[in-house]
Amino acid sequence: MTGDCYITTPIYYVNDEPHIGHAYTTVLADIVARYRRLQGSEAFFLTGTDEHGQKVRDAALENGLDPKTQADRMVVRYLSTWKTLNISHDDFIRTTEARHVRLVESVLQRLWAKGEIYFGEYEGWYCVPDERYWTEKDLINGTCPDCLRPAERLVEKNYFFRMGKYQDWLVGYLSDHPEFIRPASRKNEVQGFLRQPLGDLCISRPVERLDWGIRLPFDRRYVTYVWFDALINYLTAAGFQSDDQMFARLWPNATHLIGKDILITHAVYWPTMLRAIGLPPPRAIFAHGWWNVGGAKVSKSTGNVVRPFDLAAALGSDAFRYFLAREMAMGHDADFSDELFHRRYAGTLANGLGNLVHRLTSMIIRYCAGVVPEVRSVSEQEIDLRDRCMRLVDSVFENVDALSLHRALREVEAVIRDLNRYVERNAPWTLYKQGDFEAVRKVVYTASEALRLVSILVHPVMPDKTREIWQCLGWRPDGELTEGLKWGTLRPGSTATRRPPLFPRVE
Ligand code: ME8
């Protein structure tokens, strides 16, 4: 992923409030968008809500609401969670918005006119919670192979999208574009799926069974299947058929971040739909693993949810963002527990980064009259440290490209540990007592400058805490933050400020 980017999260169902899983994908997308902006690229970041379909209709019924009121209420919960978590999206799309409904209708009309959609009879097994049809052999003892809940037998006349005819094209596309689906384990999964014949996709629901959806423009007795509606959100927000310039700039740079639960819809349905529309696939699809609690996937339907609001309230939004990015290795699942979150907070953030900030601010105030000192000459140690920081800049961005945020942060942590060691080894407090003020200035400046650089590198992960670090060091970015990634940007003479601990200790 280089250059400009259009980064998206899934649009989340409004049947319930967001939990840690939704927060994860959204924070991940936010961090990537912020890294891109830090590199001086354009990053357009989209998130939103999926408001049609049976799940939302059922939740509304349960709550005694009409589906639109249910959606309106839940959207507020999503928006306030994203505000708490400092999410910097450029657009928030709701599938009930007129701009989206219009585009879905137009796409359907076009595909119908081209013969990409036909009317036929369907008989099969249907999983209501997952809104998916299964064949007899897919079922496990009569239950949905995905969520293990009972599937219903349905016979219906419906509209179908000729997805099957794109199978060979998609198989070829995947082998010609090995970076399209990442990580590689997910690409293999999709390739495995495509070894079976790919059927056509039922894209309608009769109104008498489900009336909460976008009506088919060519047959008002049907609403659009929620997935066919939802995937098109990525085009609506990019300006397809409404802003050609924006669309031309964004679409070739589209990257969809998703969880592995919705891999097939994104990696199979979506590229074939785009092909039928006459558009190329997005540039990349990254499917991450699941957050589990006690070994089970966190999910609305199983009820073992952990709420981002509570976690951000406990240790702060930035600490929660850091934890999410650091804890899950790309391609793997991760276990959440309060203990792990607290351990990461106390060890890495309070004792590591927080301690370094506190020490350096105190040393500037105590030994350097409160201002960042000037250094006349440096030795090998300082040159090594500077080189190490500059190498870190490159490797953090490389890891972000691969969406290996946990690796990027692991390397940052190693540099913070080395910085703490550098300060201890050189003991400015002893040098000060011995009257070697030049040496004190050298250590204090070098460590502060390294800290400043590291803080810019974690700014996309912890936007608020890193600003506090800059205040402590008396540094303010002039112009683009990218400029601050050069060594020597911390100006001697800047006034340091003592602040309360960055990550206060919590029992
Ligand atoms: O599937 N761990 O919406 P959804 C990690 N509306 N991520 C998780 C997670 C977990 N335990 N649980 C959920 C939908 N997620 C559709 C999407 S897109 C055109 C339509 C995250 O509300 C993850 O990103 O069920 C997953 O893919 C998404 O939430 C599913 O959210």
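Buried means under 20% relative accessible area, exposed over 50%, and partly exposed in between, with a 1.4 Å probe and protein chains only. This is a predicted model, in which local features need pLDDT of at least 70 and side-chain atom pairs count only at pLDDT 80 or more, while totals for chains, interfaces and linings use all residues. Residues are numbered from 1 along each chain as its sequence is written, and side-chain values use heavy atoms, with hydrogens and water left out.

**Stop 1: backbone exceptions**

Select Asn86. Its relative accessible area is 22%, so Asn86 is partly exposed. Asn86 is in the loop between helix 3 (67–84) and strand 3 (91–94). Helices (H or I, at least four residues) and strands (E, at least two) are DSSP runs, numbered from the N terminus. The phi of Asn86 is positive, near 60°, and the residue is not a glycine. Most residues other than glycine have a negative phi, and most peptide bonds are trans.

Next, select Leu403, in the loop between helix 14 (380–401) and helix 15 (405–426). Leu403 also is not a glycine and has a positive phi, of about 55°. Is Leu403 buried or exposed? Its relative accessibility is 3%, so Leu403 counts as buried.

Now go to Arg182 and Pro183, which are joined by a cis peptide bond with omega about -5°. Pro183 belongs to the loop between strand 7 (181–182) and helix 6.

**Stop 2**

Select helix 6 (residues 184–193) and find Arg186 in it. Arg186 counts as buried because its relative accessibility is 10%. Apart from neighbours within four places in sequence, Arg186 is in contact with Ile181, Lys260, Leu263, Ala287 and Gly331. Contact means heavy atoms within 4.5 Å.

Axes are lines fitted to C-alpha atoms, for helices over the stretch in contact, and angles run from 0 to 180 degrees between N-to-C directions. Angles under 35 degrees count as roughly parallel, over 145 as roughly antiparallel, 65 to 115 as roughly perpendicular and the rest as oblique.

Which residues meet in helix 6 and helix 10? Arg186, Glu189, Val190 and Phe193 come from helix 6, and Leu263, Ile264, Ala267 and Val268 from helix 10. By class, this contact has six nonpolar, no polar and two charged residues. Ala, Val, Leu, Ile, Met, Phe, Trp, Tyr, Cys and Pro count as nonpolar, Asp, Glu, Lys and Arg as charged, and the others, Gly among them, as polar.

**Stop 2: helix 1 and helix 12**

Select helix 1 and helix 12, which pack at an angle of about 90° with their axes 10 Å apart. That makes helix 1 roughly perpendicular to helix 12. Helix 1 brings Ile20, Ala23, Tyr24, Val27, Asp30, Ile31 and Arg34 to the contact, and helix 12 brings Phe320, Arg321, Leu324 and Ala325.

**Stop 3: helix 17 and helix 18**

Helix 17 and helix 18 (residues 463–473) have axes 9 Å apart and pack at about 160°. The two helices are therefore roughly antiparallel to each other. In helix 17, the contact is made by Ser448, Leu451, Arg452, Ser455 and Ile456; in helix 18, by Thr466, Ile469, Trp470 and Leu473.

Eight of its eleven residues are buried, so helix 18 is largely enclosed by the rest of the structure. Its cover includes helix 1 (20–38), helix 12 (317–327), helix 13 (338–367) and helix 17. After helix 18 comes Gly474, with a positive phi near 70°.

**Stop 4: the cores**

A nonpolar core is a set of buried Ala, Val, Leu, Ile, Met, Phe, Trp, Tyr and Cys residues joined through side-chain atoms within 4.5 Å. Select Tyr6, Leu235 and Trp291, which touch the most other members of the largest nonpolar core, a set of 169 residues. Helix 17 (residues 437–457) gives the most to this core, with twelve residues. Last, select Tyr122, Tyr126, Tyr133 and Cys202, which are among the seven residues of a second, separate core.
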